[in-house]
Amino acid sequence: MNLYTTVLVLGLAARFDWVDLPASLDPLASGWILGAAAALYLVEFLADKIPWVDTVWDAAHTIVRPLGAALVAVAALGPASPEMALAAALLGGAIGASTHAAKASTRLVVNASPEPASNVAVSLLEDGFVVGLVALLLTHPWIGLGLALLALIATLVVLAIVLRLVLRRRRRGRAAS
């Protein structure tokens, strides 16, 4: 759900040798990458707290998040055949796209609430989940993978519910016209 948090946590893990990561992720430990990820995370952290600003931010990241997820997946794979690299890119991009869609659609629903506290709460929950999941994937990959799969299923369920609500509103709007 947050590309910059993921890159930052992976980069810090590589930089400080918290866990053994594939050498292909070593570039994430670069000061430039860590600085860029931290700066973009800070911008996203602030944007996510402001209703409708978060929606504009999400719209701008419709391409960035899936591509970033694809690149991280390929980098995590390390040296591999072109077929495996393409498979990793497709899987990473698909996961990035689905989590992005869930985040963006959830934000639209949260923005419809009249008070701003829910935006802050949802944003902090997302950030905590991403940091926790990446840490779990680094320390207990199978448990982290299971949790990630459950989160992906939950994401798809949320997307289906939001899509159903949008379609229902459209039908009601047409019927009222």
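Here are some friendly notes on the predicted model shown above.

1. **Ground rules.** Because this is a predicted model, local features need pLDDT of at least 70 and side-chain atom pairs count only at pLDDT 80 or more, while totals for chains, interfaces and linings use all residues. Residues are numbered from 1 along each chain as its sequence is written, and side-chain values use heavy atoms, with hydrogens and water left out.

2. **Fold.** The protein chain has seven helices and zero strands, giving the pattern α-α-α-α-α-α-α along the sequence. Helices (H or I, at least four residues) and strands (E, at least two) are DSSP runs, numbered from the N terminus.

3. **Overall dimensions.** With a radius of gyration of 18 Å, close to the 16 Å that the globule rule gives for 177 residues, the protein chain is as compact as a globular protein of that length. That radius is taken over C-alpha atoms, and the rule is 2.2 Å times the number of residues to the power 0.38. Along the principal axes, the C-alpha atoms fill a box of roughly 60 × 35 × 25 Å.

4. **Burial and surface.** Of the 177 residues, 32% count as buried (under 20% relative accessible area; exposed is over 50%, partly exposed in between; 1.4 Å probe, protein chains only). The protein chain exposes about 10,400 Å², and carbon and sulfur atoms supply 77% of that area (Shrake-Rupley method, 1.4 Å probe; for residues, only the protein chains shown count as cover).

5. **Contacts.** Among contacts (heavy atoms within 4.5 Å) between residues at least 6 apart in sequence, 62% join residues at least 24 apart.

6. **A look at S118.** This residue is found in helix α6 (residues 117-139). Not counting residues up to four places away in sequence, S118 touches V110 and S113. S118 and P51 are 67 residues apart in sequence, and their C-alpha atoms are 9.5 Å apart in space.

7. **Aromatic pairs.** Rings of Phe, Tyr and Trp (its six-membered ring) pair if their centres lie within 6.5 Å; planes under 30 degrees apart count as stacked, over 60 as edge-to-face and the rest as tilted. By this rule there are two aromatic pairs. The rings of F16 and W18 have centres 6.0 Å apart and planes at 25°, so this pair is stacked; F16 and W18 are both exposed. The rings of Y41 and F45 have centres 5.8 Å apart and planes at 45°, so that pair is tilted.

8. Y41 and F45 both lie in helix α2 (residues 31-47), four residues apart, about one turn of the helix. Y41 is partly exposed at 22% relative accessibility, and F45 is partly exposed with a relative accessible area of 26%.
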